[in-house]
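Please read it alongside the sequence and the coordinates.

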Amino acid sequence: MRTIMTLLGTSKISVNVAAGKIDEICQAVNTHRQQLTSFGFSRGYLGVSVFNYLYAMHSGKEEFLDEARQTFDQACDMIDSDLHKTYPQDFAELGIVTQYLHKAGVLDLDPNTFLDDVDTILLQKMRYELSIKNIGGFVNGALGYGLYFLHRCQYNREKAEPAITELINGIMNSAIRTSKGCFWNSRLNPKKENTYLSMPHGSAAILLFMARAVEMNLFPASRLQEIAHETISYMEAHSVQNEYYQFIDIVQDPHKSRLALCYGDLGIGYTLLRAGNAFKNKEWSRKGHAVLQSCSMRRSESTTGVQDASILFGATGLALAFDHISQLMNDTMFKETAGFWYSEILRLDGSADGYAGYKAAYNQWHSHTNLAFSEGIIGIGCGLIKGLHSSKVNFDELIWLL
């Protein structure tokens, strides 16, 4: 059986298999990257820049640091001509990736100067979303802009902290309170308002954001205790009795829940764990740990719904999430689970019509799907690099693992 994951101890053959796959992905990325027409990270050229940086860390080849800089510049040059650029996601990702690559020593620029105009524009757009009470999630609505400012606090806290305060006050004022707790409607689908519970679009994302703001001393925990409790109560009111999963994703459309970084129990369990830590609530932590334990036991396609190796819906996202959780908790069970999903990345490379053997299970109508970070080989390659170099490679902040 082929395994990866140096955390668990692997054979030389296993490491060689993974390293060979990373090289194959690198070649495919640099051969086909011109297909990417967006500048953003999840689905565009900023993802190529991050991959080139991580590949330099993996291979020791400094020329890929130059490639990372060049592809970052190319992404920036594409902004004006990108006909499909999206607010807030693409511009939030620009800020987050800029700071990530600057911190890594790849970019020789001042993030505060570079992002000054972006700060102003995104603050205006966040305020508009707050005015229509569209809180959204990490890729849409006011919270999508808030994620940008949460990261900006690392470099310009004086400017970003007031935006966080304004957003959290807006979150509290926009909450819809019921006898079961509180929730927020989402306009992710412009044709229909929905109530999302899971990551990255719903209550779990909002609660995780508030918990992280508390941990960073951006907002007092005492003012958020009540709404955090109401948020958790509402999520728990929509738990289900199922052999494998405990929560639905959308209140108005209950259906079988997958195990993934995007949607499902994993994001809710992680959020409960993080909220318990931030608010010093052992019961929330216990519940989060129990949900994550249940998630760790789901391995087959019939119990997980995993059909590809992608970040969003597949093995790579699960490997990275459980890797991060294992380090947070120093728990060997989650470490072993991460090892299993890292191994699955290599097993799922059997698509002859994909890139480097990988083809996404969803969204094939987009030309970027099989290549870009969120569902394609850029993200898969980044994940494999993390699996081999977990002590020196970390991009958790780029995938909502706050």
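Phe114 is partly exposed, because its relative accessible area of 33% falls in the range between buried, which is under 20%, and exposed, which is over 50% (1.4 Å probe, protein chains only). This is a predicted model, in which local features need pLDDT of at least 70 and side-chain atom pairs count only at pLDDT 80 or more, whereas totals for chains, interfaces and linings use all residues. Residues are numbered from 1 along each chain as its sequence is written, and side-chain values use heavy atoms, with hydrogens and water left out.

**Aromatic pairs and charges over rings**

The structure contains 14 aromatic pairs, a pair being two rings of Phe, Tyr or Trp (its six-membered ring) with centres within 6.5 Å, called stacked when the planes are under 30 degrees apart, edge-to-face when over 60, and tilted otherwise. Phe114 takes part in one of them with Phe72: the ring centres are 5.9 Å apart and the planes meet at 45 degrees, so this pair is tilted. It joins distant parts of the chain, since Phe72 belongs to helix α3 (residues 63-77) and Phe114 to helix α5 (residues 111-114), 42 residues apart; helices here are DSSP runs of H or I with at least four residues, and strands are runs of E with at least two, numbered from the N terminus. Phe72, at a relative accessible area of 1%, is buried. In another pair, the rings of Tyr148 and Phe149 have centres 5.0 Å apart and planes at 85 degrees, so the arrangement is edge-to-face. Tyr148 is buried at 0% relative accessibility, and Phe149 is buried at 4%.

Phe39, Tyr87 and Phe91 make up one aromatic cluster. Two charged side chains sit over rings, as tabulated here, the criterion being that NZ of Lys or CZ of Arg is within 6 Å of the ring centre and within 35 degrees of the ring normal.

| Charged residue | Ring | Distance to ring centre |
|---|---|---|
| Lys125 | Tyr87 | 4.2 Å |
| Arg299 | Phe340 | 4.7 Å |

**Helix α9**

The buried residues include Ser203, Ile206, Phe209, Met210 and Val214, and their cover includes α7 (141-152), α8 (157-174), α10 (221-237) and α11 (265-278). After α9 comes Asn217, with a positive phi near 55 degrees.

An unreviewed UniProt entry places the feature "binding site" at Cys262; UniProt positions are given in the numbering used here, feature names are shortened, and annotations may be inferred rather than shown by experiment. Cys262 lies in the loop between α10 and α11 and is buried, with a relative accessible area of 4%. Apart from neighbours within four places in sequence, Cys262 is in contact (heavy atoms within 4.5 Å) with Met199, Pro200, Leu312 and Phe313.

With a disulfide taken as a pair of cysteine sulfur atoms within 2.5 Å, the count is zero. Cys262 is in no disulfide, and the nearest cysteine sulfur, that of Cys295, is 14 Å away, too far for a bond. Cys295 is itself buried, at 0% relative accessibility.
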